[in-house]
Amino acid sequence: MKKTILTLITALFIGTYCSAKPIIGNTNLSLSDKKATPETVSLYKKLVQLSQKGYLFGHQDDLAYGVNWRYEDGRSDVKDVVGDYPGVYGWDLAGLEKDSPNNIDGISFTKMKQYIEESHERGGITTISWHFDNPATGKSAWDNVPNSLKTVLPGGENNKKFTIWLDKAANYLLSLKDKKGKNIPVLFRPYHELTGGWFWWGKGNCTPEEFKEVWKFTFDYLQKKGVHNLIYIYNTSSFNSKEDFLANYPGDDYADVLSFDSYQNNDDKEGKKFVEEVQNQLKIINELGTQQHKLIAIAEAGYEAIPDPKWWTGTLDKAIGDYKISYVLLWRNHGWQEKEKKMHYYAPYPGQVSEKDFIDFYNLDKTLFEKDIKKIKN
């Protein structure tokens, strides 16, 4: 049923795409990068179309490893359960700035490139974040020393170092090519969870003006380096108002998607707090997305080890409700953490307690996975 309905709706939508302004009237089909590649513009339009049908399911590091396996070509815990890949694949650039062969999750940058290119050929969509080191201290992204961000701004003592880091990111992003040699479009999510204080770019560690300046500097610098295959995602952690969400917003000309991250915690076993928070925050960014002509998304979400057997249909889908988000991305399936002595994963695998409910979740008409993307034509 899911596939039949999708085909019908797609045909109807495409047939009325130019004239049906009420359907897509809240979204401006103009990316912030005015020199965006045709492929990037095409992806953005596709995201608009898909958001009218439902929301894409994403998973961090999905192809590189899962619970009790690593580097098995073509494998995915999500695919092992439902026979289909996620629609969105999340990756991270951390480590690139210090010339590490592997990223923060131990994934070879060479393998990551391979997985991005392979998933793109199947129709999958890539999103990339960057837990880069604190340039002022040389320690991790979580080294939240106040005023570190100020040092990378033009005139700052670490500006030159930072531009070298951006050069490395630019080179990597431009190395992602399809079989025709075209740059693969990427949903780029820099300086994520900016309303939290745990990263060096986060709340309390820089002023809103400094944050806006570093965002605009990054945006402009990458474009000067010829990077025009990015769709820019503005991303927060929790917030309580429009003013809170927009405190560090660089402006409509510098962002394409409005998003936040939200996780269910063990002190909220029934998910009531999670559902309430997500609904409240979606209400706010949905209004902003409508006003400012932007797509909206939940860029990270999850419940570690998913102990609730009905979490997917009973909590996550309930939290999203009827809001037309572009995608929701679940965090990674690391597996056993020796140091913490616990399992760390956010998507089910065969035999996991929520496996059956995840299949039901997959079969909902509004949940979109990789096979569903192919059925939308620009």
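Analyst: Helices (H or I, at least four residues) and strands (E, at least two) are DSSP runs that are numbered from the N terminus. This is a predicted model, in which local features need pLDDT of at least 70 and side-chain atom pairs count only at pLDDT 80 or more, while totals for chains, interfaces and linings use all residues. Residues are numbered from 1 along each chain as its sequence is written, and side-chain values use heavy atoms, with hydrogens and water left out.

User: Which residue follows α7, and near what angle is its phi?

Analyst: Helix α7 covers residues 208-224. The residue that follows α7 with a positive phi is Gly226, and its phi is near 90°.

User: What is the distance between the end C-alpha atoms of α7?

Analyst: The expected span of a helix is 1.5 Å times one less than its number of residues. For the 17 residues of α7 this gives 24 Å, and the model agrees, because the end C-alpha atoms are apart by 24 Å.

User: Which elements are among those that cover the buried residues of α7?

Analyst: A residue counts as buried under 20% relative accessible area, as exposed over 50% and as partly exposed in between (1.4 Å probe, protein chains only). The buried residues of α7 include Val214, Phe217, Tyr221 and Leu222. With contact meaning heavy atoms within 4.5 Å, the cover over them includes α6 (159-175), β6 (186-189) and β7 (230-236).

User: How many aromatic pairs does a search of the whole structure find, and what is the angle between the planes of Phe211 and Trp215?

Analyst: Rings of Phe, Tyr and Trp (its six-membered ring) pair if their centres lie within 6.5 Å, and planes under 30 degrees apart count as stacked, over 60 as edge-to-face and the rest as tilted. The whole structure holds 41 such pairs. In one of them, Phe211 and Trp215 are tilted, with 6.2 Å from centre to centre and an angle between the planes of 40°.

User: Why are Phe211 and Trp215 separated by about one helical turn?

Analyst: An α-helix has 3.6 residues a turn, so residues three or four places apart point the same way. Phe211 and Trp215 are both buried, and they are about one turn apart because their spacing in α7 is 4 residues.

User: Which residues lie on the two sides of β4?

Analyst: In a regular strand the side chains alternate between the two faces of the sheet. Strand β4 (residues 88-92) is mostly covered, with 5 of its 5 residues buried. Both faces are covered, one side holding Val88, Gly90 and Asp92 and the other Tyr89 and Trp91.

User: How many bridges join β4 to β5?

Analyst: Two strands pair if DSSP finds at least two bridges between them. On one pairing, strand β1 (residues 55-60) runs parallel to β4 over 3 bridges, with Gln60 opposite Gly90. Strand β5 (residues 125-129) also runs parallel to β4, and the number of bridges joining them is 5.

User: Which residue follows α9 with a positive phi?

Analyst: Helix α9 (residues 272-292) has 21 residues and reaches 30 Å from its first C-alpha to its last. Its buried residues pack against α8 (242-246), β8 (257-264), β9 (295-303) and α10 (311-320). The residue after α9, with phi near 60°, is His293.
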